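Subject: Handover of a structure and findings

Dear colleague,

I am passing a structure on to you, together with an account of what was found in it. Please look through the sequence and the structure before reading further.

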Amino acid sequence: PAIHFLSSVDAFERERLLSELNPATTVLVLVSKSFTTSEVLAHGHRMLAWMQQALGEEATRQRLLAVTSAPQKALAFGVPEEQVLAMGEWTGGRFSIWSPVGLTVGISAGADVFERFCAGGAAMDEHFRDADAADNLPLIHGLLSVWHRNVCAYAARGLIPYDSRLRGLPGWLQQLQMESNGKSVNRDGATLKLETSPVVFGDCGTDAQHALFQAFHQGTQVVPLDFIGVIRPAHKDSDAQQELLSHLLAQATALAFGRNEDETRAMMQAEGKTAEQIEFLLPHRLMPGERPSSILMLDELTPENLGMLLAFYEHSIFVESVIWQINAFDQWGVELGKVLAGQIQSAMNADSDKSSQEIANLQGLLLHIRQLSS
């Protein structure tokens, strides 16, 4: 079956889907730990009305599932009790793929694939728990990340997968890293003296080389990178795969060693540049090097290896949180924006009694939105 995700409150994607989907062959899966997530409920109510209009209430109930730690709220929404999958209250959203939240993986790829994926995650869990420190991959990676952040003072880190199937990985790591460890107080509430989460970003393979790597090689900010490669691809073009992996290894090498003045002069002389051209171009074509990166190479992209990779990063993030003495499993910073959004939405309503004057610094913009929306 085709799987569609509605994660943003933006209605554009939902409205596009409604014009394409058949309600008689559509199943609605509502995933919310608290079952109060505004994005989920907003889409859920509208999808529910769309299905009920076409199928009736009882047939719609048969096509409605929920994954939540608040089953009573799902029942009140109208989800049949036997179609509510309970997840633990202790399960953080960004760590929840191993829970019933992974239902969509089972639906799209099959239960056996999801079990293999979970087995890979469990294998990395055991490695992290049992391996000696010198051989413990998540521990070493977490320590290296703290070294880069607190000793070297690098404010960002990049994730560059050289396989298009891993295109979503940088966005996943963004949330895992920044929502978990983007804190400024420790577990006891005391202000931290160390910098915590770096800014995480990235893109896929050679696309990233064109978009990002100029700054990585010659920019004023040093950005540690994780390169992720897959040796055996899911296609038969071995020449293309060799070229792809060559680019990965070349970028890591160039970042590490750069190009010094003698090498740059010799290169331009071989290109036939004049002495005057060489002197002018020399500072522009030097590469400082000494820019750190790590290479994580998968033999192939199997469910087990993907599970190991995600668990590897989860444990690495946890290592950081232990050293920084912060709680990686809360996200209070997300809450303030949600509270303010509710207040601002009330002020946006032209019929609201709430004056836009009550919303600091937004009076003019709210008035303009009201005028165009009326």
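The notes below begin with the overall picture and then turn to particular sites.

Please bear in mind that this is a predicted model. The protein contains 16 helices and seven strands, and its C-alpha trace spans about 80 × 55 × 50 Å along the principal axes. Of the 374 residues, 36% are buried. The accessible surface comes to about 21100 Å², and carbon and sulfur atoms account for 55% of that area. Among contacts with a separation of 6 or more, 66% are between residues 24 or more positions apart.

Side chains of opposite charge can pair when their charged atoms come close. R157 forms a salt bridge with D226, in which the closest N and O atoms are 3.8 Å apart. This pair links distant parts of the chain, since R157 is in strand β4 and D226 in strand β6, 69 residues apart. Both R157 and D226 are buried. R157 also meets the side chain of E320 in a salt bridge, at 3.4 Å from N to O. This second pair likewise links distant parts of the chain, with E320 in helix α14 and R157 in strand β4, 163 residues apart. E320 counts as buried because its relative accessibility is 0%, and R157 counts as buried because its value is 8%, where the cut-off for buried is under 20%.

In total, 19 salt bridges are counted. Among them is the one between R165 and D163, at 2.9 Å from N to O. Here R165 is partly exposed, at 41% relative accessibility, whereas D163 is buried, at 8%. Elsewhere, E13, R16 and E20 are linked in a network of salt bridges.

On the surface, I231, L249, I295 and M297 form a nonpolar patch with about 320 Å² of accessible area together.

S294, in strand β7 (residues 293-300), counts as buried at 18% relative accessibility. Setting aside residues up to four places away in sequence, S294 touches L144, L225, D226 and F227. L55 lies in helix α2 (residues 38-55) and is partly exposed, at 27% relative accessibility. With the same exclusion of residues up to four places away, L55 touches P23, A24, T60 and R63. The C-alpha atoms of L55 and G258 are separated by 64 Å, the two residues being 203 apart along the chain.

With kind regards

Definitions and conventions. Residues are numbered from 1 along each chain as its sequence is written. This is a predicted model: local features need pLDDT of at least 70, side-chain atom pairs count only at pLDDT 80 or more; totals for chains, interfaces and linings use all residues. Side-chain values use heavy atoms; hydrogens and water are left out. Helices (H or I, at least four residues) and strands (E, at least two) are DSSP runs, numbered from the N terminus. Buried means under 20% relative accessible area, exposed over 50%, partly exposed in between (1.4 Å probe, protein chains only). Contact means heavy atoms within 4.5 Å. Patches are made of residues with over 30% relative accessible area and no salt bridge: like charges are joined within 9 Å, nonpolar side chains (Val, Leu, Ile, Met, Phe, Trp, Tyr) within 5 Å. Accessible areas come from the Shrake-Rupley method with a 1.4 Å probe; for residues, only the protein chains shown count as cover. A salt bridge is a side-chain nitrogen of Lys or Arg within 4 Å of a carboxyl oxygen of Asp or Glu.
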